[in-house]
Amino acid sequence: MSKPPIFDTLRLPMIAAPMFIVSNPKMVIAQCKAGIVGSFPALNARPAEMLEAWLIEITEELDRHNQTNPDTPAAPYAVNQIVHKSNDRLQHDIDMCVKYKVPITITSLGARVEVNEACHSYGGIVLHDIINNFFAKKAIEKGADGLIAVAAGAGGHAGTISPFALVQEIREWFDGPIALSGSIARGDAVLAAEAMGADFGYVGSALIATEEANADPAYKQMIVDSFADDIVYTNLFTGVHGNYLKPSIVKAGMDPENLPESDPSAMSFGSGGSSKSKAWRDIWGSGQGIGAVKAVEPMAAVVDRFAREYQAAKARLCGA
């Protein structure tokens, strides 16, 4: 298994997942300075013109950090692109990422050769998120450099396949970088992902309860107060199945045990501010691993915890 040199500055093998509304430049910068890959969805920068300002802010701040801390440089950052026909600003966002030479692009909801080629034109790499082996093969065939295996228990748009089965099947034919997503909320889970054959743990929900996250304080506290039993899997809110916090569904006046099915053809991720995209402001996504989250803390403190747990797990294995 090979990792591109771009990952050499990581403190531990961990990638922060891009989260709709939640991820912003402040959060990304804190993640990268803490030594993990930071990321955000391009669509979080609204209007579209704001994306360039975000890229300038992140690039300049990380450059300043690296000049001041040459022995502990920041980790690279990633921008998530929704490669779906409903995203009417995709070309604009790709052009901005090419202009600022974004190190890593994470593509979702589709794999397109021209997007991968644009990222490769300046030496960037592309990681594509998938929920099964079929889509994994399609992504690599179309030029992705690596995969994000979104397994059962992940927050947001999650798959239903066990992480053991998903990574095993992909590793039978692919030796490139794999990040594993699905209930990874502790450092020992990151090590477990490596033991299973992945290269990185892909962490989202556990990072919502941080001071830098652009999330409602009630959302952050709900993450702290909730457990795996509080997660509901439904396609009602975007047309794509995902995991959401049950208390937020109740708060919105719905019965989480009797949610109707949505029409998948109606899903929308464009820049028009659809009612489905607004649902994320009231119906809050989360993975099943949040029982590990005990408090709202600064990002640096959360990454410190992951690093301690990761090293402690390594030590236990070496002593076994």
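Trainee: What percentage of the accessible surface of the protein chain belongs to carbon and sulfur atoms?

Mentor: The accessible surface (Shrake-Rupley method, 1.4 Å probe; for residues, only the protein chains shown count as cover) comes to about 13400 Å². This is a predicted model, in which local features need pLDDT of at least 70, side-chain atom pairs count only at pLDDT 80 or more, and totals for chains, interfaces and linings use all residues. Residues are numbered from 1 along each chain as its sequence is written, and side-chain values use heavy atoms, leaving out hydrogens and water. The part belonging to carbon and sulfur atoms is 53%.

Trainee: What percentage of the residues of the protein chain count as buried?

Mentor: Buried means under 20% relative accessible area with a 1.4 Å probe, protein chains only. Of the 320 residues, the buried part is 56%.

Trainee: How many residues of strand β5 are buried?

Mentor: Strands are DSSP runs of E, at least two residues, and helices are runs of H or I, at least four, numbered from the N terminus. Strand β5 covers residues 125–130 and is largely enclosed by the rest of the structure, because its buried residues number five of the six.

Trainee: Which residue in β5 stands opposite I104?

Mentor: Strand β4 (residues 104–108) runs parallel to β5, joined by four bridges; strands pair if DSSP finds at least two. Opposite I104 stands I125.

Trainee: Which residue in β6 is the bridge partner of D129?

Mentor: Four bridges join β5 to the parallel strand β6 (residues 146–150). With helix α5 (residues 133–141), β5 and β6 make a right-handed β-α-β unit. The partner of D129 is I148.

Notes. Buried < 20%, exposed > 50% of the residue type's maximum accessible area, 1.4 Å probe, protein only. Right-handed = clockwise from strand over helix to strand, strands pointing away.
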